[in-house]
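Subject: Structure handover

Hi,

Here is the structure for you to look over. My notes follow below it.

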Amino acid sequence: MTTSSLDPAGSLDLASSLDLASLLCSRLCHDMLSPVGALSNGIELLADEKDPEMRQRCFELLEQSARVSADKLKFFRLAFGAAGGFGEQVPVNEARVLVDALVANNPRITVEWVFGSDAMPKPAIKTLLNFALIGMEALPRGGVLSLAAEQRDGASEIVVRSEGPRIAFDRDIGRALEGKLPADDLSSRTAPATMIAMLAQTTGGQLQYMLSDDALVLGAMLPDVA
């Protein structure tokens, strides 16, 4: 088992804001490529298809791809972007809706929620969503994704646990969460972890992770910033 926390003296400053923003955009484009590509292919098939049953099937595939695309865009808007449509406090249920929509496309993953607050600061919600993203990727064979969050005593506490067979976790993501990933090793895969590590550093907070063969636990303590 490995446990780590954000190192305030780490190498996060080596990665420029421009590089990080570019890599987050690359990550978004990578994740959007499949559903948008399916939309394009479906439209091409529909244009040439004459059989009514096959056309109906094309419409169903187009509807599914459009829904997946919209779900991912809504998720990344808040997880990666400024999310200007929200105030400083974001309803926790907003994060739940976004995560549930993504997991709905993967029937092998079951989601469990425990919330102690109705709303949390935007940095905490962004951390929760990015923890959920890392947690989902850790379950390539399925499993249980458990998310807990609450705001108390002037700080936001977040715990996300992925439990399933043969947990998949990139050690570079762990180093990014610690704030120890060199700028030369920053990639679109590690950019989300680097971003929330920087968020934690800005608020004077702390990130932690514990890894075993069948579980990954991600934790955050983020003081409220006035």
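Does Arg166 count as buried or exposed? At 59% relative accessibility, Arg166 counts as exposed. The cut-offs: buried is under 20% relative accessible area, exposed is over 50%, and partly exposed is in between (1.4 Å probe, protein chains only).

First, the ground rules. This is a predicted model, where local features need pLDDT of at least 70, side-chain atom pairs count only at pLDDT 80 or more, and totals for chains, interfaces and linings use all residues. Residues are numbered from 1 along each chain as its sequence is written, and side-chain values use heavy atoms, with hydrogens and water left out.

Positive phi

Arg166 is found in the loop between β6 and α5 (171-178). Helices (H or I, at least four residues) and strands (E, at least two) are DSSP runs, numbered from the N terminus. Arg166 is not a glycine, yet has a positive phi of about 50°. Asp153 also has a positive phi, near 50°, and is a residue other than glycine. Asp153 sits in the loop between β5 (143-152) and β6 (155-163). Asp153 is exposed, at 79% relative accessible area. For context, most residues other than glycine have a negative phi.

Helix α4 against α6

The axes of α4 (residues 122-137) and α6 (residues 191-203) come within 10 Å and cross at roughly 150°. Axes are lines fitted to C-alpha atoms, for helices over the stretch in contact; angles run from 0 to 180 degrees between N-to-C directions. The two helices are therefore roughly antiparallel. On the scale used, under 35 degrees is roughly parallel, over 145 roughly antiparallel, 65 to 115 roughly perpendicular, and the rest oblique. The crossing of α4 and α6 is left-handed (near helix turned anticlockwise from the far one by less than a right angle; clockwise is right-handed).

From α4, the contact uses Pro123, Lys126, Thr127, Asn130, Phe131 and Ile134; from α6, Pro192, Ala193, Met195, Ile196 and Leu199. Contact means heavy atoms within 4.5 Å. By class, that is eight nonpolar, two polar and one charged residues. Ala, Val, Leu, Ile, Met, Phe, Trp, Tyr, Cys and Pro count as nonpolar, Asp, Glu, Lys and Arg as charged, and the others, Gly among them, as polar.

Thr127 lies in α4. Thr127 is buried, with a relative accessible area of 0%. Beyond four places in sequence, Thr127 touches Ile158, Ile196, Leu199, Leu207, Ala220 and Leu222.

Helix α4 against α3

The axes of α3 (residues 92-103) and α4 come within 10 Å and cross at roughly 20°. α3 and α4 are therefore roughly parallel. Their crossing is right-handed. On the α3 side are Val92, Ala95, Leu98, Val99, Leu102 and Val103; on the α4 side, Ile125, Leu128, Leu129, Ala132 and Met136. This contact has 11 nonpolar, no polar and no charged residues.

The core

The largest nonpolar core has 55 residues. Such a core is a set of buried Ala, Val, Leu, Ile, Met, Phe, Trp, Tyr and Cys residues joined through side-chain atoms within 4.5 Å. Phe75, Leu129, Phe131, Ile158, Phe169, Leu177 and Leu216 touch the most other members. The largest share, nine residues, comes from α4. Not counting residues up to four places away in sequence, Leu129 touches Phe75, Leu78, Ala79, Ala95, Leu98 and Val99.

Ser117 is in the loop between β3 (109-115) and β4 (119-121). Ser117 is buried, at 11% relative accessible area. Ser117 and Ala149 are 32 residues apart in sequence and 7.3 Å apart in space, C-alpha to C-alpha.

Best regards
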